[in-house]
Amino acid sequence: MKFRTHAVAAALFCAAISTPAFADEIHAVTPSGATEAYFDLSLVDLSDTLANQCVDLGWTMVSSNETAVACELPVSFGNRLLSALVSPSYSTPPRQYLRFNMAGARGFSRVQVTGWQEIQTAFGQNQRTDMQSENYHNGAMGFLVGIDGLFPEGTTFPNHAFGDFTSQVVEDPRDGLLITQVNDGGAFHRAGIREGDILQRIAGERTKDGNDLSDGMHKAIREATYEVQFYRNGERMEVQVDREFRATIGPLPEPSFVASGASPAATTIVQQEAFSVAEELDRFADLLERGIISQEEFDIQKNRLLSSTP
């Protein structure tokens, strides 16, 4: 199973954060256990790529420099309702953040993702909950690979069958997953599934979207073969597919450039409205207190603001 478009990667990430049922088991198990990927980009280019991706998805970019990008994600209605039920009644609505930490490694740029949710009580205290679920990890890894990130060497995939195909959600002529590519020699290709078929069920799991697909491929590991139901030219068909696992990721390819460490550059903050110097300092102090920006980033912004004051 592969996801290759930015739009699908973004959808996976949002689903992972907002949909509890998404992908109950970890898909890509990295050797370090971290949510991470490698990019054949310089730190500067990678920072720009991540920052622009945040903006393109409608997220709010909180800060950006050569070693870290932080974004605030919109919280779904379901998450707001769930947080309202489990959080103190006097707390603010939850806010969700992602931070991409970057460093040069082995000629590549290595990025690790951390996510957390915050609420603020009436007494001004911030309560932070880290995102550590399998759902979050799977969505974040899908996001990174979807923007051309590379799995770390030694990454394994023990919890999901491997179909080696690509798909997209469709509603016409039937709702399901339209097969857009099937690689020759793979399990799906050997079973007779071809481009243009519309998947309906995998291992008994109804496949309406990427969430269902991941759940179905997890259920498919229970037996040596599993059933796939699909439609072709309006005709319902069923085939048995051999269970296969994706191979362990081997050595990374040779990078096209030599990555190097970078000293933190001035943090870029997206301004939604005009603030006075005092108000901006208060905002940066709040971001510092909540751990979203570092002390060095705060000092850079403080010096910038004070030097621009007449």
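**Entry 1: a charge over a ring.** I looked up arginine 174 and found that it lies over the face of tyrosine 231, at 3.8 Å from the ring centre. A charge sits over a ring if NZ of Lys or CZ of Arg is within 6 Å of the ring centre and within 35 degrees of the ring normal. I noted that arginine 128 lies over the face of tryptophan 116, at 4.0 Å from the ring centre.

**Entry 2: the source.** The model is predicted, and local features need pLDDT of at least 70, side-chain atom pairs pLDDT 80 or more, while totals for chains, interfaces and linings use all residues. Residues are numbered from 1 along each chain as its sequence is written, and side-chain values use heavy atoms, without hydrogens and water.

**Entry 3: aromatic pairs.** I searched the whole structure and found seven aromatic pairs (ring centres of Phe, Tyr or Trp, the last by its six-membered ring, within 6.5 Å; planes under 30 degrees apart are stacked, over 60 edge-to-face, the rest tilted). Tyrosine 97 and tryptophan 116 are stacked, at 5.6 Å centre to centre and 20 degrees between the planes. Tyrosine 97 lies in strand β4 and tryptophan 116 in strand β5, so the pair ties together parts 19 residues apart in sequence. Strands are DSSP runs of E, at least two residues; helices are runs of H or I, at least four; both are numbered from the N terminus.

**Entry 4: burial.** Tyrosine 97 is buried, at 2% relative accessible area, and tryptophan 116 is buried at 1%. Buried means under 20% relative accessible area, exposed over 50%, partly exposed in between, with a 1.4 Å probe and protein chains only.
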